[in-house]
Amino acid sequence: MQALVRHKLRLFNSNFNSLFRLSSSSSSYLHSSSAPLNSLASSSTATNSFTAPWSTIQRRRNRVFASDIRVGNTIGKQGRIYEVLKVDHSQEGRGKATIKVELRDVLQGTKVTQRLGTNEDFEKAYVQEKTFMYMCTDQDGTVVLMDNDTLDQIEVSKDLFGKNASYIQDEMKVKVQFYDDKPISASVPKRVICTVKEVIAATPRNKKVILDNGPTIEVPPHIVAGDAILVNTEDDCYIERAKA
């Protein structure tokens, strides 16, 4: 009887030790597996500290079709980095749809126009985007911006804003895109308040007015000189009268 009890105890201890080794092995595996997961989570948090033309920091080797290209995107083509300035979709007769794009070489500053097939693909450039506050513009066209978090100031060319440079206002929050820590483009908010400087033409349906910052746009008949209006900076269109 005692021999049978001792035999059962040996089996119990053997099974317990096996379970313990299995548990330790699983714990070790989970612990080793958690490192890359934590690392990935940390990387994701760092990535979300910036927002870019593609909504998040571009990951290298991600690709995009020509049909998905939008103004402001940054793409890689034949070893060079380009900013997309204009996009024009068209289709001639029964032929394949094509896309005419105007690109700016980020590093050289030169512009090129190309016609692309909708299925052509490109590498998304690895860019970062950060928000700054506008301080002033020097006589030579250098724009001075301040990082609200660190109070550090940077200088960028006015040309980075393109046509929207005229919409820059005191203490406006603007966004700058960087490639390899170099500023490659900049943008103003999509909706900006401007003041109507004067009316230059009028019809029963609309008016042409000059804004205090320079652009000429069409507005409804009830808008008069001196009115503050909300303007879409992407297409220079009237949105509504600004609320007081």
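A residue counts as buried when its relative accessible area is under 20%. Keep that cut-off in mind for this predicted model. Both F132 and F178 fall on the buried side of it.

The structure holds 1 aromatic pair. Its members are F132 and F178, with ring centres 6.2 Å apart and planes at 55°, so the pair counts as tilted. The pair joins distant parts of the chain. F132 sits in strand β7 (residues 128–137), while F178 sits in strand β10 (residues 173–179). The two are 46 residues apart.

Next comes the nonpolar interior. In soluble globular proteins, nonpolar side chains tend to be buried together. Here the largest nonpolar core has 26 residues. Those with the most contacts inside it are L145, F161, V188, L211, I217, I229 and V231. Several strands each give this core at least two residues: β7, β8 (142–146), β10, β12 (191–202), β13 (207–211), β14 (216–219) and β15.

Which residues does V188 touch, leaving aside its neighbours within four places in sequence? They are F161, N164, Y167, I168, M172, V174 and T233.

Strand β15 (residues 228–232) also holds N232. Is N232 buried or exposed? Its relative accessibility is 13%, under the 20% cut-off, so N232 counts as buried. Not counting residues up to four places away in sequence, N232 touches K190, C237 and I239.

The largest pocket has a volume of about 1000 Å³. It is lined by 31 residues. Closest to its centre are V71, G72, N164, A186 and S187. Strands β3 (80–91), β4 (97–105), β10 and β11 (182–187) each supply at least two residues of the lining. By type, the lining divides into 11 nonpolar, 8 polar and 12 charged residues.

Finally, turn to two loops. L151 is found in the loop between β8 and β9 (153–157). L151 is not a glycine, yet its phi is positive, about 65°. At 57% relative accessibility, L151 counts as exposed, because the cut-off for that is over 50%. E171 lies in the loop between β9 and β10. Its phi is near 60°, again a positive value in a residue other than glycine. E171 has 61% relative accessibility, so E171 counts as exposed.

How values were computed
Residues numbered from 1 in each chain as written. Predicted model: local features only at pLDDT ≥ 70, side-chain atom pairs only at ≥ 80, totals over all residues. Heavy atoms only, no water. Helix = DSSP H or I, 4+ residues; strand = E, 2+ residues; numbered from the N terminus. Buried < 20%, exposed > 50% of the residue type's maximum accessible area, 1.4 Å probe, protein only. Contact = heavy atoms within 4.5 Å. Phe/Tyr/Trp six-rings, centres within 6.5 Å; stacked < 30°, edge-to-face > 60°. 1 Å grid on protein atoms, 1.4 Å probe; cavity = no way out; pocket = protein on both sides within 12 Å on 5 of 7 lines; lining within 4 Å. Points joined across faces, edges and corners; volume = space filled by probe spheres on them. Nonpolar A, V, L, I, M, F, W, Y, C, P; charged D, E, K, R; others polar. Core = buried A, V, L, I, M, F, W, Y, C linked by side-chain atoms within 4.5 Å.
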